[in-house]
Structure formats: C-alpha cells, structure tokens
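Take a look at this model and follow its side-chain contacts. We start with charged pairs, then turn to rings.

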Amino acid sequence: MLALIRYSVPDAQTEEFAAHAREILDVLAAQPGYVRGQVCRSVDEPVLWALVTEWEGAGFYRRALSAARMAMYPLMILMINEPSAFEIVDGRPGVSDRSREGTVGNA
C-alpha cells in the first residue's frame, strides 16, 4: 500500500518543514508494517512537497498515523486535504529492485 501526503510549503518555511518531515518519517519508519519512505519536493513547483511511504497494508498505515499524530501536528496546516492511501494494483521492478533479487532478506 502506498501512502502519499502532499503539502504546500511557503519558501520561508522550507527548512523548518524539511526538519519536521524527517522527524515524521523517523516515527513512521519505527512502526510495524513500514516498508520504505521518502520526503520529496516537486521539481516543477518547489512549494509542493510530499511524504511518500509504502506499507504492508492499510491497517499498518492507519495505526502508524495514530502513532505519528503528535509529530505530524505542526505540519497539518500545510497539508493538502485529499485521500492519501492507495492500493498498489500493478507494478514493475526497477533496476535497483532487480539487482537485489536473490540477496539475503529480499524474498
């Protein structure tokens, strides 16, 4: 399951936002079911940021949001109000995924 939370961040708040976003990612990464995550910034519209995480399932994501609520609170005013949970219905491995095939821990 893919989670995408978008933010609209004024230029003057970029550094503060990035620090808080890293804290949120740290809290989420410590939760059960977390697979990976990134803090991203739009290359076309630098005021748009995204917190993108992948989870073993929607239940894990929803419980992790509860655990991260206090860390997320300072950025809620910048959050774009839209659905954030997406079921992965199809995909293809990337080059880095294929290079890890057959290594320990990547069953």
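R6 and E82 form a salt bridge, with their closest N and O atoms 2.5 Å apart. The term covers a side-chain nitrogen of Lys or Arg within 4 Å of a carboxyl oxygen of Asp or Glu. R6 lies in strand β1 and E82 in the loop between α2 (58–72) and β4 (85–86), so the bridge ties together parts 76 residues apart in sequence. This is a predicted model: local features need pLDDT of at least 70, side-chain atom pairs count only at pLDDT 80 or more, and totals for chains, interfaces and linings use all residues. Residues are numbered from 1 along each chain as its sequence is written, and side-chain values use heavy atoms, leaving out hydrogens and water.

The structure holds three salt bridges. R36 pairs with E54, the closest N and O atoms being 2.6 Å apart. R36 sits in strand β2 (residues 34–41) and E54 in strand β3 (residues 48–55), so this bridge ties together parts 18 residues apart in sequence. D90 and R92 also meet in a salt bridge, at 2.7 Å from N to O.

Now the rings. There are four aromatic pairs. In one, W55 and Y61 have ring centres 6.1 Å apart and planes at 50 degrees, so the pair is tilted. Rings of Phe, Tyr and Trp (its six-membered ring) pair if their centres lie within 6.5 Å; planes under 30 degrees apart count as stacked, over 60 as edge-to-face and the rest as tilted. Ring pairs also link Y7, F17 and W49 into a cluster.

Terms used
Helices (H or I, at least four residues) and strands (E, at least two) are DSSP runs, numbered from the N terminus.
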